[in-house]
Amino acid sequence: MKSIITLVLCTLFAIVATAQTYVKGTKVEVNWSPGTWYKATVIDVSDNQFKVHLDDYGDAYDQWVSKDKLRPLPTNNAIKAAPAGASRFSPGSKIEIDYNGTWYKGSVLEVNGDKYKIHYDGYSDSWDTWVTADKIRTASNTSVNAAATTRGNATTTQIRSTVRAADYKDTNGKLYFRTLTWTGMYGTSLDISWLYLGNNGSIVRNPINGVNPVDFKAELANNASNTGKYKIAGNKMNITWSDGKTAEWSLETRNGEYVAIDGGIVTRPNALPANYRISGQYAGGAVLPNVSSISTFIFSKDGTFTLKRSGAVHTADITGLSQDTNKGTYTITGNTLRLIFDNGQKQVANILIWDMKGGKRYLVINSTSYPQE
């Protein structure tokens, strides 16, 4: 008798399930894996296919399923709390965090529904952030933070292409001043650039936020295309920039120190003492066909400066001149120049005092040299 009742009930349930219509917004259970059902919501319907969202988890688990994978939400809601492969965590749980396909060790700080505030182990609290459950997993005993590939019988650890500000906590490294002479259609030019190579494989080309120290968080925020990671392989430097582009630079060394990078001569710039003062007038400019510009810095020992700019355009159709003068105060520490203009504008630049043979002195400010007049 019991078996007959059970058969009847199962048949009735099958009939109800078959007749059930699920529209957008319907609360259901979804058969995520054989024999396991999870509370969900229908978020889209198309050609008898239903896109469902697991109510307690992130959008990464949204997926399309057929009608036979759904059933009405039971009145007691006694269903599983998590899909296969996911875990529920509490504050203090040791975890690994998925960042662009790479897992980093960390811990849970707070929980709010399906959101978890996490902390990356070894990095400052400024990188704490909220993530969804699909971005974290139970911490393993294996090493993370590196991507491994197997080639034949050999396993090699490759440099990560993902560049995160959290990679740059307490970084030590070296600053290089790089010069390259090249000849173009307008004659011979001197190309000047700055390179910062961190001991942890970080690189910044032409920092724009000062170099004492290099502020990687700021560089990633507004100089991302010049910030990345590098790896040395013999006499080559392989670079992955944070915008996804890659480069391979040649290297030359002498007595264990780099003397040339990517064809340009490199030297370690002499750092100036804190609150260093300079004096004199220094002018630098550029001249191209029909266009010219010149900037003149006048520095004083009292910590003030004057900046004069002038430009000219001359073509068959138009001739124009422009001039302006600005004043303010300056500070120099290490190789960082900070300018505060009287109008409130602030600028940060890299600076080097370049003494040439014959007593000629140049100031190098960012990528421009300014001979002393």
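**Confidence and aromatic pairs in a predicted model**

Reader: What is the mean pLDDT of the protein?

Author: The mean is 76, and 72% of the residues reach 70 or more. This is a predicted model, in which local features need pLDDT of at least 70 and side-chain atom pairs count only at pLDDT 80 or more, while totals for chains, interfaces and linings use all residues. Residues are numbered from 1 along each chain as its sequence is written, and side-chain values use heavy atoms, with hydrogens and water left out.

Reader: How many aromatic pairs are there?

Author: A pair of aromatic rings is described by the distance of the centres and the angle of the planes. Rings of Phe, Tyr and Trp (its six-membered ring) pair if their centres lie within 6.5 Å, and planes under 30 degrees apart count as stacked, over 60 as edge-to-face and the rest as tilted. The count comes to 10 aromatic pairs. Phe-89 and Tyr-116 are edge-to-face, because their ring centres are 6.1 Å apart and their planes stand at 80 degrees.

Reader: Are Phe-89 and Tyr-116 buried or exposed?

Author: Both Phe-89 and Tyr-116 are buried, which means under 20% relative accessible area, with exposed over 50% and partly exposed in between (1.4 Å probe, protein chains only).

Notes: pLDDT = per-residue confidence, 0-100.
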